[in-house]
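Take a look at the model below. Keep it in view as you read.

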Amino acid sequence: MRIVGIIQARMGSTRLPGKVLRPLGEGGRSVLGWVVRAARESEALHDLLVATTTLPDDDVVAEECARLGVACHRGPVDDVLTRFTQAMDGRPGEAVMRFTADCPLLDPTVIKEAALVFQAVPGLDYLSTSLARTLPRGLDVEIIGRAALERCDREAVAYHRTHVTSHIYSEAADESRLLGLAYHPVAADLRVTLDTEDDWALISRVVGELGDGCVPVRTLVSWLRARPEVCGLNAHVRQKALQDA
């Protein structure tokens with residue numbers, strides 16, 4: 001089974017505009033570049049591309065993709081679901097692994113494990129580490145079968161078109177085969193996604209201490225647990241509800 005990785009990225013953000021191209025770490029690798037590297041290091045994907053918008057502001061995202069040597073598709077601004085299905089037009093692949101470009105601390109091992117499980121279980125429509133969240137927010141991985149993605153594109157309305165996969169696990173769950181992956185130790189209370197300046201403070205601290213490479217999830221969780229003052233940097237930040245994001 002061929003799995004295509006698609007990273008959704010755009011410069012627009014209500015809370016932290018331009019976050020996906022912020023330089024992170026001593027080498028100045030962009031946040032998007034961190035996500036691309038983690039996806040590549042997993043060695044789990046048959047293809048990888050970035051899906052951004054047609055807005056002029058996202059020309060710089062396309063330019064960064066060219067610099068990183070990763071394909072780029074440009075599509076609708078708010079209808080991200082259509083952006084994904086358009087990106088898959090003419091591209092071989094039976095499933096899509098969805099990434100967001102604001103999760104620079106992704107663990108390549110988790111990416112690979114998710115891909116292996118999806119490939120091993122016949123007939124799955126959707127797999128995610130967040131159906132019952134155990135990982136820190138910002139390390140989750142999700143995979144949707146191509147047929148299921150196309151079904152979502154036909155049926156999903158309103159905010160489900162922004163979130164790409166939410167229709168299948170909220171509106172079509174009864175007719176779909178879903179599988180959740182759980183990890184130990186449970187660390188769902190931790191937050192390493194990038195949405196605010198306080199998130200940036202925490203992620204910058206992690207990278208400053210643990211270096212410029214991909215960090216295994218258990219190493220990251222252990223390091224954070226031992227430093228409550230670091231966890232406290234963004235503990236107050238609340239994730240937007242699906243209908244508000």
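The model is predicted: local features need pLDDT of at least 70, side-chain atom pairs count only at pLDDT 80 or more, and totals for chains, interfaces and linings use all residues. Residues are numbered from 1 along each chain as its sequence is written, and side-chain values use heavy atoms, with hydrogens and water left out.

**The core**

Start inside. The largest nonpolar core has 59 residues. A nonpolar core is a set of buried Ala, Val, Leu, Ile, Met, Phe, Trp, Tyr and Cys residues joined through side-chain atoms within 4.5 Å. Buried means under 20% relative accessible area, exposed means over 50%, and partly exposed lies in between (1.4 Å probe, protein chains only). I7, L32, M97, F99, L105 and L224 have the most contacts inside this core. Helix α1 (residues 31-42) gives the most to it, with seven residues. Apart from it lies another core, of 18 residues, including A87 and C152. In soluble globular proteins, nonpolar side chains tend to be buried together.

A contact means heavy atoms within 4.5 Å. Leaving aside neighbours within four places in sequence, M97 touches I3, V4, G5, I6, L45, I111, A115, V141, E142 and I143.

**Helix α1**

Helices are DSSP runs (H or I, at least four residues), and strands are runs of E of at least two; both are numbered from the N terminus. Of the 12 residues in α1, 10 are buried. Among them are V31, L32, W34 and S42. How far apart are the end C-alpha atoms of α1? They are 17 Å apart, which agrees with the 16 Å that 12 residues should span at 1.5 Å a residue. The expected span is 1.5 Å times one less than the number of residues.

**Backbone details**

E43 follows α1.

Now look at H184 and P185. A cis peptide bond joins them, with omega about 0 degrees. P185 lies in the loop between β9 (178-180) and α8.

**D199 and helix α8**

D199 sits in helix α8 (residues 197-210). Is D199 buried or exposed? D199 counts as buried because its relative accessibility is 0%. Its side chain makes a polar contact of 2.9 Å with the side chain of N234. A polar contact is a pair of N or O atoms within 3.5 Å; within protein, one must be able to donate a hydrogen and the other to accept it, and residues adjacent in sequence count only if both atoms are side-chain atoms. The side chain of D199 also reaches the backbone nitrogen of T196 at 3.0 Å. Beyond four places in sequence, D199 is in contact with R191, T193, L194, N234 and V237. D199 and A235 are 36 residues apart in sequence, yet their C-alpha atoms are 8.9 Å apart.

**Two helices meet**

α8 packs against helix α9 (residues 217-225) at about 110 degrees, with axes 12 Å apart. Axes are lines fitted to C-alpha atoms, for helices over the stretch in contact, and angles run from 0 to 180 degrees between N-to-C directions. That makes α8 roughly perpendicular to α9, a label for angles of 65 to 115 degrees. R205, V206, E209 and L210 in α8 meet L220, W223 and L224 in α9.

Key: Parallel < 35°, antiparallel > 145°, perpendicular 65-115°, else oblique.
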